[in-house]
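Dear colleague,

I am handing over the structure below, together with some notes on what turned up in it. Please read the notes with the coordinates open.

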Amino acid sequence: PIHRLMMWRVAAANKISSLYLFLVTEGYHEMVRFCLVHARVWDVPKDVRMVQISAFFGHSAGMDLFLENDGNYSLQSSITDRLEAAMLGAAEAGRISDLRGYW
């Protein structure tokens with residue numbers, strides 16, 4: 001996730017599709033939810049990255065947006081891909097207790 005964050009810093013600031021990295025990293029989950037419902041800039045890699053970054057930083061509210069969809073927005077990735085990303089993010093951060101919860 002840190003490598004992806006650095007890539008965002010280098011990328012052009014006016015790209016709305018890169019905004020999700022900042023929102024997830026900083027924990028603005030209500031803004032992420034708003035973007036999911038209204039912006040429609042999501043695809044499979046972004047879904048997976050969002051879950052992985054949320055798991056890395058321990059933002060459970062961000063992971064809930066993608067792991068427990070309430071039906072107000074559609075996700076492009078499968079639940080299996082998102083669960084694997086959550087486990088990978090928790091493993092990268094060394095959160096063993098979180099890994100047990102996702103397994």
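Is Asp64 buried, partly exposed or exposed? Asp64 is partly exposed, because its relative accessible area is 37%, where buried means under 20%, exposed means over 50% and partly exposed lies in between, all with a 1.4 Å probe and protein chains only. The residue lies in helix 5, and its C-alpha atom is separated by 8.7 Å from that of Val51, 13 residues apart from Asp64 along the chain.

Before the rest, a word on provenance: this is a predicted model, in which local features need pLDDT of at least 70 and side-chain atom pairs count only at pLDDT 80 or more, while totals for chains, interfaces and linings use all residues. Residues are numbered from 1 along each chain as its sequence is written, and side-chain values use heavy atoms, with hydrogens and water left out.

The overall picture

The chain contains seven helices and zero strands, where helices are DSSP runs of H or I with at least four residues, strands are runs of E with at least two, and both are numbered from the N terminus. Read from that end, the order of elements is α-α-α-α-α-α-α. Of the 103 residues in the chain, 34% are buried, and the accessible surface comes to about 6100 Å², with 57% of it belonging to carbon and sulfur atoms; these areas come from the Shrake-Rupley method with a 1.4 Å probe, and for residues only the protein chains shown count as cover. Among contacts (heavy atoms within 4.5 Å) with a separation of 6 or more, 60% involve residues 24 or more positions apart.

Helix 4 against helix 6

Two packed helices are described by the angle between their axes and the distance between the axes. For helix 4 (residues 44–57) and helix 6 (residues 79–93), the axes come within 7 Å and cross at roughly 30°, the axes being lines fitted to C-alpha atoms over the stretch in contact and the angles running from 0 to 180 degrees between N-to-C directions. This crossing is right-handed, a term used when the near helix is turned clockwise from the far one by less than a right angle. On the helix 4 side the contact is made by Val48, Val51, Gln52, Ala55 and Phe56, which meet residues of helix 6 including Arg82, Ala85, Leu88 and Glu92. The residues of this contact divide into nine nonpolar, two polar and three charged, with Ala, Val, Leu, Ile, Met, Phe, Trp, Tyr, Cys and Pro counted as nonpolar, Asp, Glu, Lys and Arg as charged, and the others, Gly among them, as polar.

Helix 2 and Tyr20

In helix 2 (residues 19–26), Tyr20, Leu21, Leu23, Val24 and Thr25 are buried. Tyr20 counts as buried because its relative accessibility is 7%. Leaving aside neighbours within four places in sequence, Tyr20 is in contact with Trp42, Lys46, Arg49 and Met50; Lys46 is 26 residues away from Tyr20 in sequence and 8.3 Å away in space, C-alpha to C-alpha.

Just after helix 2, Gly27 takes a positive phi of about 90°. Gly27 and Gly58 are 31 residues apart in sequence, yet 9.5 Å apart in space, C-alpha to C-alpha. Gly58 lies in the loop between helix 4 and helix 5 (60–67) and, at 39% relative accessibility, counts as partly exposed.

Aromatic pairs

The structure holds two aromatic pairs, that is, rings of Phe, Tyr and Trp (its six-membered ring) whose centres lie within 6.5 Å, with planes under 30 degrees apart counted as stacked, over 60 as edge-to-face and the rest as tilted. Phe22 and Tyr28 form a tilted pair, at 5.9 Å centre to centre with 40° between the planes. Phe56 and Phe57 form an edge-to-face pair, at 5.0 Å centre to centre with 85° between the planes; Phe56 is buried, with a relative accessible area of 16%, whereas Phe57 is partly exposed at 31%.
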